[in-house]
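Me: I'd like to learn how to read a protein model, feature by feature. Could you walk me through this one?

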Amino acid sequence: MSRTKPQVDGDVLELVATGRATTRAAIARTLNLAPSTISGVVSRLLEAGVIQEGGESESTGGRPGSILLPAHNHHRTLVAELGAHHARIGLADQGGTVANICRYDLDIADGPQKIIRELFNRGDELAMQTGTTLAGIGIALPGPVDTSSGTVVGPSRMPGWNGCDVPAIVGEFSELPTLVENDAQIGARGEYAYRLHSSQSDALFQDFIYIKAGSAIGAALVQNGNVYRGARGIAGDITHVRVESGGHRPCQCGNTGCLDTVASAEAIRKDLAALGFPFGSNDELIAAALDGNPEVVTMIRSAGVTLGEAIARNISFLAPEALVVGGTLSAVDAFVAGVRQSLHERCLHVIMERIVIENSLSGMDAALWGLADAICTTANSHISTLGA
Ligand SMILES: [Zn+2]
């Protein structure tokens, strides 16, 4: 039975990746195909950067051939989530798996130039430590991103970033292909991908709302396994929904009483400081909550109740299978309990008896998994069209 080009490409890739046949001659023998056919396939895969040539094979009598290796042995995508006060970065392989995750402090208010330069320095360092080469970069940002252009649109906690064309700034440092996303939207994709690939795939939801509750609060809707983008790609930015307990508190967006002014980690720290309980960072805040500090736990639970108030209408309207809560605040059970209590008070029983409300499984790495999945899907679609 004759095989199509993509099938032969796939067979060759598999032999090279598993090491079962790593020279043109061995591949031709194993697949029982003409050496000229295999030579053509290998040239195409080399040109596409999917495989690479290593040293020479040991001669077994005939002319030694080049050893072929999968290119993703050393090519990695730098995936990075930039927050208000720190970054998480890691390296993703072409299978969409993220490794070598580390974190460093930053101040997002330092502006795009300085933040992106630092990111490249850290990425280069990580690649050097792991003996890998960067082949692309994915960045998740804590504000709305117009995904058609990678431009930041009206962020509330990113001074100096409004209207910033992030791929253009990356272009000043490197020619690597770049993907720029909003942290909550790509976090939702990451949560889906993580559940799909993990042994916990029985907990895979096709329709769910993902919340990222950290310094600011973002959300995303996943429909049939795909993130709903909305106009300009900025759907889900619930941080400026007005809530009762927000009263007349001024918000950075110019309005008053936004969810951000009450339920974000920044707002919680501000309120606690006013009560005489200052916390220097979100990490300190979460540590105090996990330690059982009653003032902190009460304040975080109350923030969860307010978040429930802000999304109750979305839950009633969309009736999703699940609400998955991620971000820094989700580490505190009282936060998720507050959301649950609030939704039970506001939504119909018929919705609440079915909906699953739980913590994110991908945790703090959600956005990194999402970026890796997005980049890996793009790369694989490129491979599958090679032989078409
Ligand atoms: Zn606002």
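Here we go through confidence, helix packing and aromatic rings in turn.

Me: What is the mean pLDDT of the protein?

Reply: Happy to start there. This is a predicted model, its mean pLDDT is 89, and 93% of its residues reach 70 or more.

Me: And where does pLDDT stay under 50?

Reply: First the general idea: where pLDDT is low, predicted coordinates should not be read in detail. Here that concerns residues 382-388, for which the model has 14 contacts beyond four places in sequence.

Me: How do I read two packed helices?

Reply: You describe them by the angle between their axes and the distance between those axes. Take H4 (residues 112-130) and H5 (residues 166-173): their axes are 10 Å apart, at an angle of about 55 degrees. That angle makes H4 oblique to H5. On the H4 side, the contact is made by Pro112, Gln113, Ile116, Arg117 and Phe120, while H5 brings Val166, Ile169, Val170, Glu172 and Phe173. The crossing of these two helices is right-handed.

Me: At what angle do H9 and H10 cross?

Reply: At roughly 105 degrees, with the axes of H9 (residues 282-290) and H10 (residues 294-318) coming within 8 Å. The two are therefore roughly perpendicular to each other. In this pair, Leu285, Ala288 and Ala289 of H9 meet Val296, Val297 and Ile300 of H10.

Me: How many aromatic pairs does the structure hold?

Reply: Three. In general, such a pair is described by the distance of the ring centres and the angle of the planes.

Me: And what sits over the ring of Tyr104?

Reply: The charged end of Arg122, 4.3 Å from the ring's centre.

Methods:
Residues numbered from 1 in each chain as written. Predicted model: local features only at pLDDT ≥ 70, side-chain atom pairs only at ≥ 80, totals over all residues. Heavy atoms only, no water. Phe/Tyr/Trp six-rings, centres within 6.5 Å; stacked < 30°, edge-to-face > 60°. Lys NZ or Arg CZ within 6 Å of the ring centre and 35° of its normal. pLDDT = per-residue confidence, 0-100. Contact = heavy atoms within 4.5 Å. Axes fitted to C-alpha atoms, helices over the stretch in contact; angles between N-to-C directions. Helix = DSSP H or I, 4+ residues; strand = E, 2+ residues; numbered from the N terminus. Parallel < 35°, antiparallel > 145°, perpendicular 65-115°, else oblique. Left-handed = near helix turned anticlockwise from the far one by under 90°.
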